[in-house]
There are 2 protein chains.
Amino acid sequence: MSDIQDLRNELVIMSKYGSALGVLNWDQEVNLPKKGHAFRGEVNALLSADLHNRFTSDKFVNLVKNLHKPENFKKLSTDEQIIVRETWRDLEKSLKIPTEMVEEMARLSTQAFNAWADAREKSDFKIYQPYLEKIVAMNQKQAELIGYKKSPYDALLDDFEPGLTAEDVEAVFTPLAKELAGLVKKVKDKPKVKLPKAKYPIDVQVKMNHEIAAALGYDLDAGRIDVSPHPFTTGFHPTDVRITTRYQEDDFYYAVGCTVHETGHALYEQGLPAKEYGNPLGEAVSLGIHESQSRMWENFVGRSPEFCHYLNTLLLKYFPNNPKLTDEQIYDHLNHVQPSLIRVEADETTYNLHIVLRFEIEKGLMEGTIKVADLPEVWNAKMKQYLGVEVPDDEHGVLQDVHWSHGSIGYFPTYTLGNIYAAQLFNKAKSDIPNLEAGFKKGDFDKLLNWLRISIHKEGSRYYPEDLIKKVTGEGLNSKYLIDYLGSKNNKQ
Amino acid sequence: MSDIQDLRNELVIMSKYGSALGVLNWDQEVNLPKKGHAFRGEVNALLSADLHNRFTSDKFVNLVKNLHKPENFKKLSTDEQIIVRETWRDLEKSLKIPTEMVEEMARLSTQAFNAWADAREKSDFKIYQPYLEKIVAMNQKQAELIGYKKSPYDALLDDFEPGLTAEDVEAVFTPLAKELAGLVKKVKDKPKVKLPKAKYPIDVQVKMNHEIAAALGYDLDAGRIDVSPHPFTTGFHPTDVRITTRYQEDDFYYAVGCTVHETGHALYEQGLPAKEYGNPLGEAVSLGIHESQSRMWENFVGRSPEFCHYLNTLLLKYFPNNPKLTDEQIYDHLNHVQPSLIRVEADETTYNLHIVLRFEIEKGLMEGTIKVADLPEVWNAKMKQYLGVEVPDDEHGVLQDVHWSHGSIGYFPTYTLGNIYAAQLFNKAKSDIPNLEAGFKKGDFDKLLNWLRISIHKEGSRYYPEDLIKKVTGEGLNSKYLIDYLGSKNNKQ
């Protein structure tokens with residue numbers, strides 16, 4: 001058998017182990033009884049270590065290294081070159097970080113998570129500070145080991161958004177922040193129209209959310225919808241992609257927003273080419289592009305006037321005895337802009353300002369221009385600057401997100417990158433497909449999904465995110481489309 | 001590190017892989033979307049092969065073989081000797097069967113299962129016959145490889161009920177069959193009292209079944225109850241033991257019977273000593289003893305007059321608007337005896353005759369005194385002899401059970417062995433604990449559970465099934481107690 005075939009086979013085997021781990025993790029979030037967590041942790045650690053050892057084994061490293069040598073590489077087909085290039089990219093990075101450092105980070109993040117939870121409960125950043133300092137220091141060390149051109153932050157970003165640098169992000173985030181901060185000032189005092197109070201029994205909501213997800217194109221014979229406190233999507237293979245959502249009895253939209261967002265992720269995973277399962281051509285390209293899918297469906301589709309009309313017909317069908325709403329009331333309910341303290345509760349517009357703030361802080365921490373000890377002060381000043389809100393305490397400020405305690409720095413920007421990509425893609429889809437949004441009124445989303453299947457999903461990781469966007473829209477990363485979309489939406493209101 | 005410690009560690013690691021596989025299998029039965037089955041099959045095959053390779057690796061074989069050598073074995077503590085002895089027992093058997101034969105059986109059973117499903121649908125045994133012939137032949141070959149004293153059936157039985165021979169089973173089944181066949185003749189024409197028709201909404205039944213399971217002692221912080229078409233119990237570790245049940249809206253007992261049965265299995269798994277996790281001292285000893293637990297709770301507890309009273313109080317609590325029943329009506333509903341064609345729908349008494357029939361057939365097939373081609377005829381004659389019923393077609397006769405198509409011969413006896421053990425154990429528990437059954441009326445089952453914890457659960461596989469029964473009751477396997485119990489119950493009615 002040829003080396004490239006060996007590589008393909010080995011990648012499939014590793015992905016199968018990854019899928020097994022994926023099922024264990026899904027089960028942990030959705031099903032695991034309380035007392036089962038300690039033991040499950042041991043099982044997951046065992047399988048994770050196996051997978052890591054397999055990936056970094058001499059045999060595998062030599063196989064990839066050999067295929068990556070110029071004299072061998074040039075003999076490969078384009079597809080094969082992509083597989084080798086991307087596998088080598090991941091592997092090279094893994095090899096640069098010593099195993100002890102990986103283990104140290106795992107230990108540290110367990111401690112840091114506990115310290116964070118404790119600090120948050122007591123609303124006292126000082127409890128968390130020493131751990132976060134260690135996490136920043138360790139990320140700096142790793143960035144040095146991995147290498148970067150300008151900012152150590154580049155080395156981290158590259159994990160989530162291959163090819164993108166801090167400079168690239170800054171170039172789109174800075175104008176976005178300026179525009180949105182101005183926009184928010186204008187609309188922030190508009191009162192929210194109150195909907196009549198009503199109960200939406202959860203068992204009926206479950207049925208409605210299944211109908212919505214199926215209408216968007218989610219194949220429920222190759223997926224399922226469960227409940228978890230933090231909704232997420234996980235794909236084990238294109239034939240088994242699962243989402244979770246959460247319900248509130250007094251708010252019909254609470255679940256719908258989550259469901260539509262996660263369905264966006266699931267559609268991407270179900271649309272990846274199954275015949276390339278296991279190798280980069282069969283994998284989602286980046287977190288930012290993933291997020292562009294979830295956010296396009298959640299925001300550009302799911303908050304449109306047409307979707308509000310569709311949702312209204314479903315409310316009439318499933319909750320015939322509840323107070324009737326107008327499409328406009330629903331639209332207003334879904335699109336109200338209000339600066340607030342907590343990212344995960346933020347509206348579509350202000351959400352991006354929460355992200356810009358985190359990006360600037362992460363970059364400053366990595367470059368050493370911001371000290372961990374000063375974080376509460378920096379955080380509160382930026383919240384005032386961008387959103388005009390006063391942060392009352394650390395719990396509602398710098399301690400609100402769990403991400404850093406996991407050791408993860410560089411993740412946050414992908415949320416707003418997703419919004420920016422989504423705006424660019426949706427703009428292009430609208431110009432490609434006449435009357436794109438008209439079908440939404442009747443729950444017909446096929447045209448958009450087919451467009452995404454062909455433009456994004458089927459490509460896997462064939463192109464780097466920025467190249468993919470360029471290929472599809474004719475233009476690189478650009479926040480203009482998101483600014484225009486949010487601007488025109490907010491000025492209309 | 002010492003060899004015995006190596007062995008203990010390696011057994012824990014293999015059990016962790018086994019637990020991971022267990023979660024994948026549970027997920028497959030309970031959650032897996034339709035289109036995900038093909039891929040999941042590949043993942044499970046990969047992990048199963050890994051586990052098999054690990055178990056039969058030279059390194060592991062040599063480790064166990066060495067510890068099993070008399071000069072080393074005698075230096076071990078009693079507990080250590082049990083671990084080595086039982087591990088060697090399993091390993092020796094695995095090593096006697098060539099890998100090609102295991103693979104051939106896997107292939108054959110896939111084909112046989114399809115043929116069985118097809119044959120059953122068309123009610124035509126001939127479609128299934130050639131596959132079953134191959135399965136019998138392969139089981140005979142395996143029995144020769146493994147070795148046995150008297151009957152080749154002994155070699156298969158030993159997999160499910162260590163130490164038990166066909167002769168042992170015959171010695172308890174023959175008198176049982178004679179007594180029960182007589183009993184059934186006497187009571188078979190007693191009409192069943194009809195309960196008033198009523199609907200029991202399934203979401204409310206779910207709550208009631210959770211309350212019952214918890215009352216029996218099932219720790220739901222270390223377990224959960226889901227729905228599957230074929231209810232089962234699976235334990236990944238004593239801190240994560242799960243059961244499934246199934247519901248019918250017009251029959252409150254359909255689910256309760258399943259739930260109580262599976263809870264019996266779950267209580268055993270939750271009661272195994274966690275500190276011995278992975279090795280034989282932490283494992284259930286046999287399928288027969290496992291079944292003694294489920295059947296004791298399902299039948300000896302769950303069909304008692306006291307339990308019927310308890311169940312009635314729950315029906316009043318959960319279904320206050322349904323027709324009121326008397327405790328006696330419930331008792332009659334749960335205890336009616338009626339010879340019938342299908343094993344899984346049989347009552348507590350006639351069930352055992354279905355099993356004796358299967359045991360006699362399996363033994364005959366293995367010993368060559370019954371030919372596969374004659375099975376429909378033999379089956380129908382035995383049904384007439386034991387149960388007095390005419391079998392109208394193969395679907396309702398010889399084709400009703402899936403077991404043989406999986407390649408599994410020797411499993412059936414464990415169902416009735418479970419009933420026999422249960423009768424012996426329950427008889428002993430009653431003599432040890434005054435007024436044992438009185439608490440059942442109030443949903444208090446602690447005394448029985450504590451007795452089982454100490455007598456059975458905590459022992460793991462320390463003793464062979466027959467020795468365990470002897471240790472607890474002072475007597476070996478004996479069907480007298482089951483005969484007495486069923487006799488006195490049926491004569492009372």
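Mentor: Let's start with a term: a polar contact is a pair of N or O atoms within 3.5 Å; within protein, one must be able to donate a hydrogen and the other to accept it, and residues adjacent in sequence count only if both atoms are side-chain atoms. Bear in mind that this is a predicted model, where local features need pLDDT of at least 70, side-chain atom pairs count only at pLDDT 80 or more, and totals for chains, interfaces and linings use all residues. Residues are numbered from 1 along each chain as its sequence is written, chains are lettered from A in the order in which they are written, and side-chain values use heavy atoms, leaving out hydrogens and water.

Between chain B and chain A, 17 residue pairs are in polar contact, both partners at pLDDT 80 or more.

The buried area is about 2800 Å², with 62% from carbon and sulfur atoms; that is accessible area (1.4 Å probe) lost by the two parts on being put together, summed over both. Lys16(B), Lys35(B) and Phe39(B) supply 21% of what chain B buries against chain A, more than any other three residues.

Lys16(B) also forms a salt bridge with Glu42(A), their closest N and O atoms being 2.9 Å apart. The rule (a side-chain nitrogen of Lys or Arg within 4 Å of a carboxyl oxygen of Asp or Glu) finds 10 salt bridges across this interface.
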